[in-house]
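This briefing is intended for a reader who wishes to examine the protein at the level of individual residues. Please keep the sequence and the structure at hand while reading.

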Amino acid sequence: MKIKLFLLILVGVHFVHANDFKFGKVSKEELSEKQHPTESDANAAILYKKERVFYNYDYEQGWAVIKEAHYRIKIYNKEGLDWATLQVPLYISRSDEEKISSVKGFTFNMADGKIVSEKLKKDGVFVEKVNKYRNKASITMPEVKEGSVLDIEFRVSSPLYWHMDDFKFQYAIPVKKVDLKLDIPEYFVFKRHSKGFYPIKLNESRKSRSITVSYRSEDDQSGRSIKTSRKNGALEFYENVYEVNANDLPSLKEEMYTNNIDNYRAAIKFELASTQFPNRPHKNYSLSWEGVAKSIYEFNNFGSELKKTNYFEEDVDNVIVAQTEDMEKARLIFEFVKSKMTWDKYTGVTCSSDGIKKAYREGSGNVAEINLMLTAMFRYAGLKANPILVSTRSNGIPLFPTTDGFNYVISGIEVMNDVILFDATEKNTYPDVLPNRALNWMGRLVRKDGSSSQVDLIPKEPSKELHYMNAKINVDGSVEGRTRTQYSNQLALSFRDVLDSTDEETYLEELENNYGEMEISSFDIKNKDEFSKPVIETCEFSKENQCEFLGEKIYFRPMLFLAQTDNPFKMDKREYPIDFTFPRQKKYIINLSIPEGYQIESLPENAIVQLPEQAGIFKFKIASQENQIRVSVLTEFKTALFPSNYYDVLKEYYKNLVLKQSEKVVLSKI
C-alpha cells in the first residue's frame, strides 16, 4: 500500500511539473523531445499558449483593452524554423492604434547536457506598417535550431475597446495546452461565436471589481472663481469572466482547394453587441444582415458618394453618346472606368476621407471609390445598379451579422431575375467575371431604399480550358508538335493577368520549365484584349525523353507531358469543405503519329468516373487507326463547392484520374 501511494505521489509531481509553464523556465524533457507524441510529422508544436485579456480605464483616454500573451514553442526540424518569428497584428482605427510592449523572449537549447539560453534583443522586435488599417509586429528569436524551445511574452494595449481579434486555438502545428481568460466589464455585452470543427468549451462566471479612477472636478471658490482639481474615486462593477482550458489540439493542415483555412480553425469570436455605461443610454450594436447592409449604406463615405455625379457627367455623356442599348452602355462605362482608374490595392467598403472626386481626378482609388463610382455612373445612365457588399476570400466567410464582416464592394446591375456583376479594379475583368478574391460564396446587394438581398457570387457558367495537340512520336523517344490552348471566363482572367505581370521571354522560359525542359520554337497569343472572347495560346514545341524503351518496344503516356501525375488530396481525413473557387471544365484532344516501322500493340482502356449527383465527371477515351492515336480527356466539376463528406469521393476520383493518365501505350516493331 505504501509503494502504491509513493508511486501516485511521483506521478502527481511529474504531472504538476509537466504542466508548469512559468515563463523562462523550461525542462530538459521539453528540449530533448525529438518529435511530437501524437503527430510524428509535425515540424513544430505550441507547447503552451496563454492569453489574458482585461479592461483598464483612464479618465483622459477612456477604456482600453489589454492583452497579455505567453507562447512556448518547440522546434522539431528545419521546416519548423519558420516558427522562430512570431507575428502579432496591430489594428488601426483613424487616430487610434494598438501598441505592443513588454516583449520578452528566450531561446533555449541543450549544450553538453545542460540547458543554455539566449535572450531576445531589441533588434529582434520590428514593427512595420502593413496598410492604413493594420501594423504588424514581428518577434524574431535568436539562435533557433532544431530542438530549440522558444519562450515569448508580450503585451498589446488597444484603445479599440469594441474590437477583439479572434481567439485561435488551432494552428498548422499541434497545440499541447491553451489557457485563455477574458475579464469583460458589465458595461460591454459581447456575443460569442465558435468557429471550426474541433469542440472548445467556454466557461463563464462573474466577479466583482473595483478600480481607482482619477478625474477632474470644478470647485466653486465662493463665487469669485472656479478651481479645477484632480480627485480620485472608486468605480465598482462586476465583470463577466470567460475561460478556456484546452489540451492536445490537433494541427489543422491546409491542402489544395481550400477557401481560407481560418474559416475552419477552432476559434472563438467576440463581437460587441451593446454597451450600457453609467448615466448613459443603452446602445445596441447587434444587427441582422439587413441591418448591417443598411448601416453601411448610410455611412457618409458610402451612400452619399453614390449621389455625386457632377464630376463625371460630361465624360460619361461622351462615352455613351448615341447608345440606346442598356448593356452596351454598361459595357462602355465599365471599360471607361477600368481604363481611367488604377486600384491602390486597399480594400474596405468606404471611400477615403478625401472623397471619390479626388480619386477620379487623380485616376487612383481604393476598391470602394472605384466601384461606387462605377455604380453612380451606371445609375446616371439610367441603369438599375446597386453596390454589392462582399467579404474577400482572405477576409473569411461572414458567418454572423457584423459590419466588419464585409471588406469589399462590387457593382451589380439588376436585369429581370438576375444580377450582372462588375468589378473595375482590374483591367482584365469582364461582366460576371470577377477577380478570384471576390468569389466568396455570397454578397449582399444594397438598394437606395435601404432594402437588401443576398447575391450568389459563384459563377454559374463553368470556366473552360481546352487543349488541342497534334504531335509526332520520334523513333528516339522525343516528341515534336503544335499545341493550341483556349481559356474562358475566370481561367482567361487569370491567364491574362499572368501575361500582364511578365514579359514574353520570361513567360516562355517558365512555360518550358513547367513542362520539364521543353523547347518552344514559335508562340502566339490571340484575343488578349478582347475580353468577351476566349484567349488563345498557340505554340510549336519539341521535347526529349517522352518514351521508355524495353527491347524492341516503346512505352509512352498518351497525354505525354500534359498528364496529371499527382493527387492533390493526400490527407486521411479532411473536416472542411473542398472549394474549387468556380465551376470548371478541362478538355484535351490529342492526335499522335507513331514512328515508321512500329505498330500499336496495346492501348489503355477507356474509362469514366462519375461523381455522385452528377457533380463532376472524368472521361478518358482513346482510339487508333493505322499509325494515328486519338485521345480525348475530359475533367469537369459542375459546382465550385463540395462539403467535407465528399472528400473521400474526390480523393478516389483523382486517384483514378492519375492512374488512368499514367497508363502507357505500347508500340512494337513491325
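The structure is a predicted model. The protein has 670 residues, of which 48% count as buried. Its secondary structure comprises 10 helices and 37 strands.

**Overall dimensions and contacts**
- The C-alpha trace spans about 115 × 90 × 45 Å along its principal axes.
- The accessible surface of the protein amounts to about 34500 Å², and carbon and sulfur atoms account for 47% of that surface.
- Among contacts between residues at least 6 apart in sequence, 71% link residues that are at least 24 apart.

**Charge**
- A patch of negative charge on the surface is formed by Asp476, Glu480, Glu517, Glu519 and Glu544.

**Nonpolar surface patch**
- Met327, Val415 and Met416 make up a nonpolar patch on the surface, and together they present about 300 Å² of accessible area.
- Val415 is part of strand S20, which runs over residues 408–415.
- Val415 counts as partly exposed because its relative accessibility is 32%.

**Helix H3 and its cover**
- Helix H3 consists of residues 289–297, and its buried residues are Trp289, Gly291, Val292, Ala293, Ile296 and Tyr297.
- In an α-helix there are 3.6 residues a turn, so residues three or four places apart point the same way.
- The cover over the buried residues of H3 includes one helix, H7 (367–380).
- Strands also contribute to the cover of H3, among them S19 (385–390), S22 (442–446) and S23 (452–456).

**Glutamate 236**
- Glu236 is located in strand S14, which extends over residues 225–249.
- Glu236 has a relative accessibility of 63% and therefore counts as exposed, since the exposed class begins over 50%.
- Leaving aside residues up to four places away in sequence, Glu236 touches Tyr187, Arg209 and Ser210.
- Glu236 and Ser102 are separated by 134 residues in sequence and by 28 Å in space, C-alpha to C-alpha.

Technical notes:
Residues are numbered from 1 along each chain as its sequence is written. This is a predicted model: local features need pLDDT of at least 70, side-chain atom pairs count only at pLDDT 80 or more; totals for chains, interfaces and linings use all residues. Side-chain values use heavy atoms; hydrogens and water are left out. Patches are made of residues with over 30% relative accessible area and no salt bridge: like charges are joined within 9 Å, nonpolar side chains (Val, Leu, Ile, Met, Phe, Trp, Tyr) within 5 Å. Accessible areas come from the Shrake-Rupley method with a 1.4 Å probe; for residues, only the protein chains shown count as cover. A salt bridge is a side-chain nitrogen of Lys or Arg within 4 Å of a carboxyl oxygen of Asp or Glu. Lys and Arg count as positive and Asp and Glu as negative; His and the chain ends are not counted. The place of a charge is taken as NZ of Lys, CZ of Arg, CG of Asp or CD of Glu. Buried means under 20% relative accessible area, exposed over 50%, partly exposed in between (1.4 Å probe, protein chains only). Helices (H or I, at least four residues) and strands (E, at least two) are DSSP runs, numbered from the N terminus. Contact means heavy atoms within 4.5 Å.
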